[in-house]
Structure formats: C-alpha cells, structure tokens
Amino acid sequence: MASIQIENVQKAFGKTIAVNHLNLDIKDGEFFTFLGPSGCGKTTTLRMIAGFYYPTKGVVRFGERDMTRVPPEKRNTGMVFQNYALFPHMTVFENVAFGLRVRKVSAADVKGKVLEVLRKVRLENYSNRQVSQLSGGQQQRVALARALVIEPEILLLDEPLSNLDAKLRDEMRAEILRLQRDYKITTIYVTHDQAEALSMSDRIAVFNYGVCHQVGTPAEIYNQPANDFVASFIGEINLLPVQVNRVEQENIAVTLKNDGEPVKLIVHNHANEGELNKGDLAVSIRPEAIRILDTAEDQTNVLKGKIEAVQFFGSIVNVLVQVGHVTLRVDVLNTHEFGYFYQGKDVYVELPEKQLRLIPVISGD
Ligand code: ATP
C-alpha cells in the first residue's frame, strides 16, 4: 500500500500547460477522485502517477520513494482504462493472466491468483470465454481483475464506467467500492461525473484548466465550495454577485449587486480571507437550503419575491422565485398540496445565513 505525494507538479505539452502548480497528498488506502470537465488535466495527472508521462517540473512520491522518473513497469500500479483495453480474442483467463506472465510468475501461481481474482469480481464461471463474447459490464470486471491480479500498491481508474448504461454504472460503482474496501488499496478515480465523485470518494480534487481548485471530502466540496467554479460544477447552485459592506467578527454584511433596490444579506461563512480582498465576489446558496414563506416579519435574510415558474419532479418541486433582478432556484420537498406554488404568487424567501457562503468569482462570463 502507498500514499502518494504530488509536489508542485507541472506538465507541459509544447505550449499547452496541461497541469500546473499541482500539490496533492493522497493517503494510504484512500479512494481519491479527480473531478473536472473535459481537458482539465485529470488524465494527464493520472498518467504521471502511472509513469506514462513524466512531469515537466515537480516531484511524484509513493510514500518516501521518489517516483518522478521511474518507468511504469517498475511502479506497481494497476490501471483500468475507459475503453477497457482488453485483448478481444483472448479468453478471460488469459487476459487476467497477462500481467503475471510478463512478471514471470510460475504457472501454478498464475492459475491460483487468476481464479482468486475472478472470484472477487464474480466472473469465476467465465474464465474460458472470449472477451468479445462478454457484455460491457463483464468486460469492465475483467479489466478490474487484470489490474488487481498483480497486487498493485495503487489502483488507477480512468473514467472506467463511462461506456456503460446508467443501471450498469450504478451496479459497477458499488462493485468498485466493494473491491476497493476488500483490497484496502489506494485508489485514484478519474471522472467528469459529479454524482459519481460525490457518492464514491473519500476525498475529491476539483480541476479546471490544469489547476486544482479544491481538495476536500464530498460534503466539504458540496457545502463549502472554494469558488464559483467549484460551486457550479457540483450540483445546482444560486450565485448572487455582491459587494461587501461590513465585516464583523463572525458575520459579513453584503449588498446584492443588481440595478434594483439594494438588498442586504448577512453571511456567516466565507472562503479564504485573502481571496475576499481581491476581485469579484458572490454569495452562493444551494436550492434546497432556501425556504419559501408566505409571510414575513422583519427577519434577517428574508427577501420579498414572486414565483416565476414551477416544475414538478416527483419527490422535489423546483420553484423559480424572482427577487429584484435575480431569479433564485428553490428546491422544496413535495409535501405541499398540489397547486400550492404557482406562477405569479407573492412569496418571501429566507436565505439562512449559515447556508450562505461568500466566495470569489474566478470564472469569466
Ligand atoms: P478528458 O476528460 O477529456 O479525458 P482530461 O481532464 O483528462 O480530459 P487531459 O487529457 O489531461 O484532460 O488533457 C489536459 C490538456 O492537455 C488538454 O488541453 C489536452 O488537449 C492536453 N493534452 C493531453 N495530452 C496531450 C498530449 N499527449 N499532447 C498534447 N496535448 C495533450
């Protein structure tokens, strides 16, 4: 088993900086996810850990060992690719045995190890099948077995579920987590799917344009996004541009930047102090954190608005409320009688101060 340290790593391809100023500290046995949109540098980072690419600058360590320029075959990492990269005309057994044969493991040990790992991925009855005769989910299990059979210190998974349909994806998510817990293996999982990242990971690193914007547990990333990119890449969010009026010990008073009447809010949480002193700011709040009220007294963070649209999603009702010149998305549980929320209804919205977060705006328009 191994921890992984990435220290000030950069990777350039000619003039393209694919990854920049990257620092990560991945713990032994952790399920760690690289999340971000296409082209943000996830795969390049994974490949630097596998040894397929060497960094242009910086250091990669497994535990105390400097691995920066160690070739892939000397790293003891197992990798699963999006397209599985199996040998289609070989049997399941031979595909899984391949890595062991390259390592000159004895025939008896090959058989024992391959059958054991096939049992783990529940394919023990398929060992003589050709890979081309298997379903997508089964092929993915073969790819996992092939990566695990060499008993790697680190398992690297590059969008392993993106070729599967939604139901199989759910099954395979559970399967991968079960295997990871069984083997207690340090695992890095690359995905652009935020639901996958939130539901599977111990921690997540969120990337964009080669830069890691935040590392945290799923709850930290969701509840305390570091900036507007992280906030809007993960789930739905209301982002309201603001200017700061007054900073007190715990609270910050802000005014909504719109051309209507100034609306004041009190914010309890805020990102890194230093970042708040420069550039544009917004308050963020999740749609499920906003409450819709019929009446209001003189309460903090209660604003007058009008329902603009209502959409019914079964368990959730999505209500768009216009407040001044901004539209807030509010998700309420389907516990009101049908028709309770309707277009044109005058309401109040409460933005609880503990659920509001003041963050820097880093994305351009
Ligand atoms: P995807 O989800 O689409 O695989 P990604 O987040 O994994 O995207 P990378 O594949 O790491 O992104 O690519 C990061 C950037 O580096 C992109 O701009 C890409 O075009 C560039 N890049 C990646 N590999 C190479 C290469 N071998 N040569 C030149 N540029 C590359």
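Is the crossing of α2 and α3 left-handed or right-handed? The crossing of α2 and α3 is right-handed; a crossing gets that name if the near helix is turned clockwise from the far one by less than a right angle, and is left-handed if the turn is anticlockwise.

## Before we start

What you have here is a predicted model, where local features need pLDDT of at least 70 and side-chain atom pairs count only at pLDDT 80 or more, while totals for chains, interfaces and linings use all residues. Residue numbers start from 1 along each chain, following the sequence as written.

## Two domains

The protein splits into domain 1 (4-223) and domain 2 (228-360), with bounds that come from an automatic or database domain assignment. Their centres, taken over C-alpha atoms, are 39 Å apart.

Where they touch, seven residues of domain 1 are in contact with five residues of domain 2. Contact here means that the C-beta atoms of two residues, placed from the backbone, lie within 7 Å. On the domain 1 side, β9 (203-208), β10 (211-216) and α7 (218-223) each give two or more residues. These labels are DSSP runs numbered from the N terminus: helices are H or I with at least four residues, and strands are E with at least two. That side of domain 1 has three nonpolar, four polar and no charged residues. For this sorting, Ala, Val, Leu, Ile, Met, Phe, Trp, Tyr, Cys and Pro are nonpolar, Asp, Glu, Lys and Arg are charged, and the others, Gly among them, are polar.

## How α2 meets α3

Two packed helices are described by the angle between their axes and the distance between the axes. For α2 (residues 92-102) and α3 (residues 107-120), the axes come within 10 Å and cross at roughly 130 degrees. The axes are lines fitted to C-alpha atoms, for helices over the stretch in contact, with angles running from 0 to 180 degrees between N-to-C directions. The two helices are therefore oblique to each other: angles under 35 degrees count as roughly parallel, over 145 as roughly antiparallel, 65 to 115 as roughly perpendicular and the rest as oblique.

From α2, Phe 93, Val 96, Ala 97, Leu 100 and Arg 101 meet Val 110, Lys 113, Val 114, Val 117 and Leu 118 of α3. This contact has eight nonpolar, no polar and two charged residues.

## What α4 packs against

Helix α4 (residues 136-148) packs with α5 (residues 166-183) at about 15 degrees, their axes 11 Å apart, so the pair is roughly parallel. Their crossing is right-handed. Gly 136, Gly 137, Gln 140, Leu 144 and Leu 148 of α4 make the contact with Leu 168, Glu 171, Met 172, Leu 179 and Tyr 183 of α5.

Helix α4 also meets α2: those axes come within 7 Å and cross at roughly 30 degrees, so α2 and α4 are roughly parallel too. Here Val 92, Asn 95, Val 96, Phe 98 and Gly 99 of α2 meet Val 142, Ala 145 and Arg 146 of α4. The tally for this contact is five nonpolar, two polar and one charged residues.
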